[in-house]
Amino acid sequence: MTGYAFAVALCVALVVFLLVLLRTRKLREKYVVAWIALAVGVCALSLFPDVLGTLAGWAGVQTPSNLLFAAALLVLLLVCIQLSAEITELEEETRTLAEEVALLRLDVERGLGQARPSATQGTPATTQLDEAPDQQQP
Amino acid sequence: MSTPVPPRLLVVVPAWNEEAVLPHVLDELTAHLPDTDVLVVNDGSTDGTADVVRAHPGAMLLDLPLNLGVGGAMRAGFRFAQRHGYDRVVQLDADGQHNPADVARVVALLDEGADVAIGARFAGEGDYQVRGPRRWAMGLLSAVLSRTAATRLTDTTSGFRGANARAIALFARDYPAEYLGDTVESLVIACRAGLRIRQTPVTMRVRAGGTPSHSPGKAAIFLGRAVLALVVALSRPMAPPPAVALAEGASR
């Protein structure tokens with residue numbers, strides 16, 4: 001029975017940890033839900049271990065713990081796929097932003113280039129104006 | 001904002017670490033097409049590509065902060081073309097293997113009513129040769145895409161392309177950055193959006209830097225990726241074509 005108590009304690013600790021991450025905005029809600037659901041599920045199995053045996057009977061798995069391992073693998077696989085999908089989305093967003101930055105930069109440079117004929121003539125004058133008050137100050 | 005009567009042409013040159021050859025390509029471009037705007041898209045180069053373009057009087061520089069691949073560079077180019085009201089875009093490689101004199105051929109194809117024009121290597125001109133599995137892969141791509149486009153296409157991986165306003169509107173929104181996305185999948189996207197694709201023979205020159213790989217292993221990988229790219233491109237769900245493109249196409 002102590003083994004089950006240990007498992008329950010571990011799962012409760014995990015849920016608390018996830019909630020802390022969520023509260024401090026270190027983890028977004030859409031990623032936390034799957035983990036919390038999993039932790040709660042494991043808690044339930046720890047409290048009522050006979051359920052696992054029944055489930056294994058239905059699924060045709062002879063050793064109940066193997067059903068648990070298979071389920072754990074499946075969950076981890078799904079989480080990995082979800083993360084890959086999120087990375088793909090992030091890369092697409094990064095790409096769009098990179099293109100936008102380049103387009104804006106070109107617009108800015110062309111704008112500055114068009115303003116340059118007056119600016120280049122005016123630059124020495126303005127620097128002189130800028131320097132003049134500095135010289136007067138001391 | 002009065003629009004000039006002749007169609008405005010923009011030559012887009014995606015460039016990644018091409019500081020050695022690019023000045024020569026740009027000189028040739030401005031010599032052959034003195035009145036055409038040239039936009040070099042620097043695809044996150046680590047060498048002096050950007051400086052080379054800035055130093056050149058006849059070219060604009062679109063400086064991407066990251067390396068996005070040819071597809072990313074070209075979508076940025078198409079977005080620039082769309083925002084600044086260009087009617088035609090011709091894509092030309094920065095490594096000097098495309099002859100700027102052939103731009104006129106590609107543009108002529110657009111004049112004849114093609115939405116997407118391809119400058120093709122294996123269409124009789126030049127002596128460009130490919131052998132082994134790589135040739136089979138290219139043959140497969142050509143066969144499938146010719147069927148999809150309902151026209152004979154011999155060189156689907158060519159980076160020498162022309163696009164009219166309809167194609168620009170489509171590609172500005174949807175131009176894949178994936179492997180083979182800028183060549184094969186973009187053609188499939190154009191076909192599925194109902195655009196007309198045509199090809200014209202062009203000569204390819206020897207690449208100034210690097211040689212195309214001919215190892216069988218790499219060619220086999222190329223074949224596998226080509227098949228995957230085709231399957232994904234032909235089966236993926238498509239957004240409806242941009243409304244602007246449809247309106248422009250209908251008014252012409």
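## The sheet of chain B

Chain B contains an open sheet of seven strands in the order 3-2-1-4-6-5-7, with mixed pairing. Its edge strands, strand 3 and strand 7 (197-201) of chain B, each pair on one side only. From one strand to the next, the twist averages 20°. Strands here are DSSP runs of E with at least two residues, helices are runs of H or I with at least four, and both are numbered from the N terminus; two strands pair if DSSP finds at least two bridges between them.

Strand 1 and strand 2 (residues 37-43) of chain B run parallel and are joined by six bridges. Within this pairing, Val12(B) has Leu39(B) in strand 2 of chain B as its bridge partner.

## Basis of the model

The model is predicted: local features need pLDDT of at least 70 and side-chain atom pairs count only at pLDDT 80 or more, while totals for chains, interfaces and linings use all residues. Residues are numbered from 1 along each chain as its sequence is written, and chains are lettered from A and ligands numbered from 1 in the order in which they are written.

## Helices of chain A

Chain A has four helices and zero strands, so that its elements run α-α-α-α from the N terminus on. Buried residues (20 or more other C-beta atoms within 10 Å of their own, with C-beta atoms placed from the backbone; exposed means 12 or fewer, partly exposed in between) make up 4% of the 138 residues in chain A.

Helix 1 (residues 2-23) and helix 2 (residues 29-47) of chain A pack at an angle of about 165°, with their axes 9 Å apart. Axes are lines fitted to C-alpha atoms, for helices over the stretch in contact, and angles run from 0 to 180 degrees between N-to-C directions. The two helices of chain A are therefore roughly antiparallel to each other, a term for angles over 145 degrees, whereas those under 35 count as roughly parallel. Among the residues of helix 1 of chain A in this contact are Tyr4(A), Val8(A) and Leu22(A), and those of helix 2 of chain A include Trp35(A), Ile36(A) and Leu47(A); contact requires C-beta atoms, placed from the backbone, within 7 Å. The residues of this contact divide into 17 nonpolar, one polar and one charged. Nonpolar covers Ala, Val, Leu, Ile, Met, Phe, Trp, Tyr, Cys and Pro, charged covers Asp, Glu, Lys and Arg, and the others, Gly among them, are polar.

## Helix packing in chain B

Helix 5 and helix 7 (residues 181-192) of chain B pack at about 15°, with their axes 9 Å apart. That angle makes the two helices of chain B roughly parallel. Leu141(B), Leu145(B), Thr148(B) and Ala149(B) in helix 5 meet Val184(B), Leu187(B), Val188(B) and Cys191(B) in helix 7 of chain B. By class, this contact has seven nonpolar, one polar and no charged residues.

## Contact between the chains

The contact takes eight residues from chain A and 14 residues from chain B. Strand 3 (59-64) and helix 3 (69-83) of chain B each supply at least two residues of the side that touches chain A. That side of chain B divides into 10 nonpolar, one polar and three charged residues.

## Loop residues with positive phi

Asn17(B), in the loop between strand 1 (9-15) and helix 1 (22-32) of chain B, has a positive phi of about 50° although it is not a glycine. Asn17(B) counts as partly exposed because it has 18 C-beta neighbours inside 10 Å.

Ala150(B) lies in the loop between helix 5 (132-149) and strand 6 (161-163) of chain B, and its phi is near 55°. With 9 C-beta neighbours inside 10 Å, Ala150(B) counts as exposed.

Note on methods: Two residues are in contact if their C-beta atoms, placed from the backbone, lie within 7 Å. Angles under 35 degrees count as roughly parallel, over 145 as roughly antiparallel, 65 to 115 as roughly perpendicular and the rest as oblique.
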